[in-house]
Amino acid sequence: MSCNGDGSDLKPLVEGIGTAPDGLGIDLDKKQIYYTNMGTPSTDSGFISRVDMDGQNDTVIIPQGITWTPKQLTLEPTTKQLYWSDREGMRVFRANFDGSNVEMLVRAGQGDADRKDARNWCVGIAVDIKRGRIYWTQKGPSKGNQGRLFTAGIKLPEGESPDNRSDKKVLLDHLPEPIDLDLDAEKNVLYLTDRGDPPLGNTVSSIDLNNPARIQKKTLVKKLHEAIGLALDVENKQMYMTDLLGGLYRANMDGSEEKVLFPDLGDLTGVAVISGSPARCSSAACNDDLCVH
């Protein structure tokens, strides 16, 4: 789906996707949208596709069998690489925009026993190419207050494996159920959705990364309904959020002037935004719709 930043001109871009589209990213140079598809989470059937912004040429670039349940993804335009988290796969990946050179950066667990432990499930992803960092969430059990926010270097340390990185660090733990991330790279502030129970869950929060010795989370938006997607429009100092009850929201990046653009579009997941006046944002519905606002 696609609409303007004020909610006008709502329209479908791609229909009949099937299964479970989730994360979104936009390549403005080539006018293409990337999206993850979780497949059937109980099987290793997830994949990643790319489609033109007019809805044409829907193409799988990461086929089934490589990533189990791909969730949020983000595009890094300077290196022409995409990064994504793999939930039941318990991994963080990187690949070129065309799907080549797939690299595993993090592996939180292996096998069915580890897969049953939701503390290993990687969901959100953000990349800071300037500072050479990646950030990801491991959500933990539903409403379980066992979620964690991690960081590591953008490059795997020489001689080390994705399983046991010496530079892997927990920034925050005991989170209700952290989901998606986005980064204001200029200010070095991370933003996070959390779908756990209130008061700290079903929120959007900011995390100032400038003082590594004092990482704290500040709640900006409350009372979402199973908060999932998040996209910053830094140019316009706004952010867009989705929730599983079908809400698409816009607020200033300080949490003020929250507005419900749509109260019930279906089970919404990923969201992406194109800065402009008015901004154009994009959001993926969990059923058969792709929503690019």
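**Note on salt bridges and pockets**

1. Asp117 counts as partly exposed, at 23% relative accessibility (buried means under 20% relative accessible area, exposed over 50%, partly exposed in between; 1.4 Å probe, protein chains only). Arg119 is also partly exposed, at 37%. The two side chains meet in a salt bridge, 2.7 Å from N to O (a side-chain nitrogen of Lys or Arg within 4 Å of a carboxyl oxygen of Asp or Glu).

2. The model is predicted: local features need pLDDT of at least 70, side-chain atom pairs count only at pLDDT 80 or more, and totals for chains, interfaces and linings use all residues. Residues are numbered from 1 along each chain as its sequence is written, and side-chain values use heavy atoms, with hydrogens and water left out.

3. The structure holds 15 salt bridges. One of them joins Lys139 to Glu177, with the closest N and O atoms 2.8 Å apart. Lys139 sits in the loop between strand 11 (133-138) and strand 12 (147-153), and Glu177 in the loop between strand 13 (169-175) and strand 14, so the pair ties together parts 38 residues apart in sequence. Strands (E, at least two residues) are DSSP runs, numbered from the N terminus. Both partners are buried: Lys139 at 8%, Glu177 at 1%.

4. Glu226 and Lys143 also pair, at 2.7 Å from N to O. Glu226 is in the loop between strand 17 and strand 18, Lys143 in the loop between strand 11 and strand 12, so this bridge ties together parts 83 residues apart in sequence. Lys143 is partly exposed, at 23%. A network of salt bridges links Lys139, Lys143, Glu177, Arg195 and Glu226.

5. The largest pocket holds about 1,000 Å³ of space. On a 1 Å grid over the protein atoms alone, a pocket is an open set of points where a 1.4 Å probe fits, with protein on both sides within 12 Å along at least five of seven lines; lining residues have an atom within 4 Å of a point. Of its 38 lining residues, Thr74, Leu75, Pro77, Asp182 and Leu232 lie nearest the centre. Strands that each supply at least two lining residues include strand 2 (21-27), strand 6 (70-76) and strand 14 (178-184).

6. The second largest pocket has about 280 Å³ of space. Its lining has 13 residues, with Asp184, Lys187, Tyr191, Met253 and Asp254 nearest the centre. Strand 15 (189-194) and strand 17 (217-221) each supply at least two of the lining residues.

Methods: Points joined across faces, edges and corners; volume = space filled by probe spheres on them. Helix = DSSP H or I, 4+ residues; strand = E, 2+ residues; numbered from the N terminus.
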